[in-house]
Amino acid sequence: MKAMVVQKWGEKSVLMSRPDPKPGPREAVMRVRAAGVGLTLLNMRNGSFGGEAPRIMGHELGGDIVEVGSDVTEVKVGDRCAVYFYLTCHRCRWCRGGRETLCEAFKGFVGVHRDGGYAEYVSLPVENFLHIPQGLSYEAAAMATDAVNTNWHCMKERARINPHDRVLLIGAGGGVGIHGVQVAKAFGAQVIAMDVSDEKLDLARQWGADYLINVKHESDLVAAVKKLTDGAGVDAAIDYVGHAQTFQVAFDSLTTSGRAVVIGVGKGDIAVPTRPLMLSEKIVTGSRHSTRTELIETLEVMARGIVKPVIGMRTHFTEIESIFDAIVSEKLLGRGALTYD
Ligand SMILES: [Zn+2]
């Protein structure tokens, strides 16, 4: 098969011929029909997720099952499936308790710790294949598996968004954030989008953001948020960037009982004052990807058209490096998509 292979982390992926994968007893092989690409993939390619190279990356995938292992009954040849990103144990307290992204016997990520789908075929444990609902395209299903379901988990379980809420999204114009705008709206919230360019904020407005804050045009970001909320602050602030500087803005923008959620992989620390935290019952927390159940919910809401994929660039999977180039030069708006025909 044709595959895009990263020979060494930090190097560009190159087109190579690889043997077609054969499924183990509890695995299935999918012919990949569509894939997604975002900043996470570039970070992986640069080695920040660990794992061993040479590696075929790619975890946001939709396709058709073409072969199943001897002990597989959950999927059959011809089934349309999307791929779940995490390789989990299914046995620990977190897996059994429905919080499998916290798995204590975690086996890693599809496309990092075993080969993913920037290739014509991918073989994975059967538990990593979930059916695509009727009417949802392979491409939309691929986007569901990271760019959208990550938001679904965040808004539903961590930020607990409801129609009373005003929500600040820091990095709302990015590949994940732009779907967060739609998911927060789906939960009934008013959305304040914060980002670094008018281009990204225009996109956020197109997808439903009610208010926009351009970081480059404001000297005091917290004051700008307070101004838009009658001095009160927001009920939830989601930080897609995850640096100390951005998370401080998230925390300082909260009103009574507000939730500050970090969802981006950044770095740094903030100091949380204990007394105001206690008196106003604020919550400071993180949000990590989504469970399988939440991915199934995400696929369902996308099949109903409630959340749509935002694709900024589309190319054949053998040209994936052109999407990485667009991410590096900050020219990609929304998610990158790969075709396979
Ligand atoms: Zn587990």
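How many Å separate the centres of domain 1 and domain 2, taken over C-alpha atoms? The centres of domain 1 and domain 2 are 28 Å apart when taken over C-alpha atoms. This is a predicted model, in which local features need pLDDT of at least 70 and side-chain atom pairs count only at pLDDT 80 or more, while totals for chains, interfaces and linings use all residues. Residues are numbered from 1 along each chain as its sequence is written, and side-chain values use heavy atoms, with hydrogens and water left out.

Domain 1 covers 2-148 + 290-339 and domain 2 covers 160-286, with bounds that come from an automatic or database domain assignment. Where the two meet, ten residues of domain 1 are in contact with twelve residues of domain 2, contact meaning heavy atoms within 4.5 Å. Together the domains bury about 1100 Å², 71% of it on carbon and sulfur atoms; buried area is the accessible area (1.4 Å probe) that two parts lose on being put together, summed over both. On the side of domain 1, Ala147, Val310 and Leu333 lose the most area to domain 2, together 45% of what that side buries.

The zinc ion has as its protein donors Cys89 (SG), Cys92 (SG), Cys95 (SG) and Cys103 (SG), which lie 2.3 to 2.4 Å from it; donors are N, O and S atoms within 2.8 Å of the metal (3.2 Å for Na, K and Ca), and water is not among the atoms, so sites may look incomplete. Along the chain, these donors follow the spacing C-x2-C-x2-C-x7-C. The arrangement is tetrahedral because the four donor atoms subtend angles of 104 to 117 degrees around the zinc ion, and four donors count as tetrahedral if all angles lie between 85 and 135 degrees.

Notes: Tetrahedral: all angles 85-135°; square planar, octahedral: opposite > 155°, others 65-115°.
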